[in-house]
Amino acid sequence: MGKRKITCNNSSCKHHTNGGCDTCITLDSSGKCKSFEKGFAYYFHIVWDALDNKNFIDMVEIRMNPDLKTGLFYVMECYDLGFSEMEWGTCRMVMLKDGKEGKPLKYEEIIEREMNMEKFSKHLENFNNGIMPQMQQEQDAAGQQDKEEKEFGWLSPTGVFTESPFGTHEESAEQICEEKGFTEEYWNWVKENRGNEINHLMRDFLSEVKGYCLIHNPSGYTGYIVTNMKNLTKQQKEFLYGYFMDMGDRFKAEQFVDFD
């Protein structure tokens with residue numbers, strides 16, 4: 001039986017060449033190549049795969065795959081892109097943009113751009129010499145910093161924070177109303193709204209009448225949501241800025257900065 005030629009088309013592999021492969025190919029029992037090593041193109045390809053036919057990448061993907069952070073760095077550098085983050089509830093996405101202030105771009109729009117060959121050559125040379133992007137650059141590309149956990153809770157209009165763990169927000173609201181002497185006012189509010197304490201909870205009273213905001217997450221994990229029924233006061237914004245900055249979450253913190 002004659003020899004069969006194997007042709008490799010995996011351009012993400014370090015050993016891939018225009019003529020095929022520059023190393024001896026070793027296959028396992030399932031036919032999978034065991035000689036594969038990540039090449040420079042690999043880091044671009046995983047970004048293209050993550051973008052697919054959309055213009056954002058879920059932050060969960062970035063956290064789960066460190067190579068994606070490196071890929072984002074290379075893509076942003078070589079195509080002169082900026083990035084921004086968007087948030088929906090506790091979900092956060094990274095969008096690659098046309099420069100720092102341009103529109104979000106899909107894969108097709110990115111590859112149509114002219115590549116910065118000077119930067120491409122520099123990073124390719126570094127990669128071939130075993131020099132990978134520094135961890136800080138990876139964090140900048142992903143727009144994400146390490147976070148510590150903080151407790152949920154109620155925040156008064158004067159910036160006083162009362163811890164309220166998951167599942168205890170109504171209990172904490174009752175405690176605040178009692179300590180602040182709001183109880184009689186609460187019952188008058190219930191009567192004025194022709195309801196009862198089931199339809200008009202003390203947590204509703206704190207939010208709608210007293211201007212408290214609640215830092216919470218209905219799912220109990222992975223992220224923080226700030227819920228307010230009235231406009232946040234200066235003291236609340238200052239507290240929230242520090243609260244999220246202490247956790248290393250600059251993106252969330254800057255949502256509470258007044259730029260006017």
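First, the ground rules. This is a predicted model, where local features need pLDDT of at least 70 and side-chain atom pairs count only at pLDDT 80 or more, while totals for chains, interfaces and linings use all residues. Residues are numbered from 1 along each chain as its sequence is written, and side-chain values use heavy atoms, with hydrogens and water left out.

Let's start with the sheet. Four strands make an open sheet, ordered β7-β6-β8-β9, with antiparallel pairing. Strands here are DSSP runs of E, at least two residues, and helices are runs of H or I, at least four residues, numbered from the N terminus. Two strands pair if DSSP finds at least two bridges between them. The edges are β7 (161-163) and β9 (225-228), and each pairs on one side only. On average, neighbouring strands are turned by 20 degrees against each other, direction ignored. Axes are lines fitted to C-alpha atoms, for helices over the stretch in contact, and angles run from 0 to 180 degrees between N-to-C directions.

Now look at β8. Strand β6 (residues 153-155) pairs with β8 (residues 213-216) over three bridges. Leu 155 stands opposite Cys 213, and Trp 154 has Leu 214 as its bridge partner. On to β9: β8 pairs with β9 over four bridges. There, His 216 faces Ile 225.

Which way do the β8 residues point? Cys 213 and Ile 215 go one way, Leu 214 and His 216 the other, and all are buried. Buried means under 20% relative accessible area, exposed over 50%, and partly exposed in between (1.4 Å probe, protein chains only).

Next, the helices. Contact means heavy atoms within 4.5 Å. Helix α7 (residues 169-180) lies across β6, β7 and β8, at about 40 degrees to β6. Helix α10 (residues 234-246) lies across β6, β7, β8 and β9, at about 10 degrees to β8.

Last, the rings. Rings of Phe, Tyr and Trp (its six-membered ring) pair if their centres lie within 6.5 Å; planes under 30 degrees apart are stacked, over 60 edge-to-face, the rest tilted. The count comes to 27 aromatic pairs. Trp 48 and Tyr 107 form a tilted one, 5.2 Å centre to centre, with 55 degrees between the planes. Trp 48 is in helix α1 (residues 40-51), Tyr 107 in helix α4 (residues 107-111), 59 residues apart. Trp 48 counts as buried because its relative accessibility is 12%. Tyr 107, at 26%, is partly exposed.
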